[in-house]
Amino acid sequence: AGSTLSRFLAVPFDAIREKHSGETMGRTLDGRVLYLEYAFRTFDIPHTKMQVQMIAFRDITARRLAEMERNRLHAAIEQVAESIIITDADQHILYVNPAFCEMTGYQMDEVSGKTPSLLTSGKHDDVFYRSMWAALHRGESWQARFTNQRKNGSLYEMQATVSPILDDSGKIVNYVSVGRDITREIQLEQRYRQSQKMEAVGQLAGGVAHDFNNLLQAIRGYNEMAMMQAVPDSDIYQDLREVAKAADRAANLVRQLLAFSRSEAMRCEELDL
């Protein structure tokens, strides 16, 4: 019996006898692993010098597997980059993961027992929150973009999913919020949209500059012909010179507009082939 028991148990029989109680592992004939809780006792037989040793086992495999699964889930939640908040049915915070603490600046002991409303930024109206609670009370998950406030008062954008947790009877017992900080993404989106606007403005400026340059060439050409016909010392000639100066300033403005639009102005030059 002792050798059979030693083959079944994962620890030597002597170790069990010395410890009297504890947990161990065993393996069945078909190879299944069992988690066992044991108690060892020695009884004296009355009126004799004989003793009886008894070991009682209780199969705790299901409980131990559930604990291992829970520990794995807890380790995963602790490591994820998303903020996780778990509350009871009355919205009191039961658990937050390290990502939440890093994102908000609050520690677990600072938010435990409080409600997530301590993150409220005031950027959302009552309609926003009523729509959320209407979905949650129906047992549905709710996704939205929140503007929340950190412990230091700064604001951040968060994309979050809030879900109700139901028991076997369908009653809501917990709420879970999973969110990620998208502040940086929104800033990049805004910069991208701004660059698109600037590109559109540049294209518009380039088109206007080209059209204006064509008109300017006509003005300068006719002005030069008028100056050739005018007497150099006359008032008309001086007025035409002012027109030429204004045309030069306008041409410089056109070059600036084309530079802004990343276009190139066509410049005609004499070339000795």
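This is a predicted model: local features need pLDDT of at least 70, side-chain atom pairs count only at pLDDT 80 or more; totals for chains, interfaces and linings use all residues.
Residues are numbered from 1 along each chain as its sequence is written, and side-chain values use heavy atoms, with hydrogens and water left out.

**Helix α6**

Helices (H or I, at least four residues) and strands (E, at least two) are DSSP runs numbered from the N terminus. Helix α6, residues 126–137, has 12 residues and reaches 16 Å from its first C-alpha to its last, close to the 16 Å expected at 1.5 Å a residue, the expected span being 1.5 Å times one less than the number of residues. Phe128, Met132, Ala135 and Leu136 of α6 are buried, a term that stands for under 20% relative accessible area, with exposed for over 50% and partly exposed for values in between (1.4 Å probe, protein chains only). The buried residues of α6 pack against β6 (142–149), β7 (155–166) and β8 (172–181), where contact means heavy atoms within 4.5 Å. Just after α6, Gly139 takes a positive phi of about 85°.

**Salt bridges**

A search of the whole structure finds 11 salt bridges, each defined as a side-chain nitrogen of Lys or Arg within 4 Å of a carboxyl oxygen of Asp or Glu. Three of them are listed here.

| Pair | N to O distance |
|---|---|
| Arg58 and Glu37 | 2.4 Å |
| Arg72 and Glu69 | 2.6 Å |
| Arg138 and Glu140 | 3.2 Å |

Arg58 is partly exposed at 48% relative accessible area, and Glu37 is partly exposed at 25%.

Arg72 and Glu69, by contrast, both lie in helix α3 (residues 61–79), three residues apart, about one turn of the helix. Arg72 is partly exposed at 48% relative accessibility, as is Glu69 at 36%.

In the remaining pair of the table, Glu140 is partly exposed, with a relative accessible area of 36%, while Arg138 counts as exposed at 52%. Salt bridges that share partners also join Glu37, Arg58, Arg63, Arg64 and Glu67 into one network.
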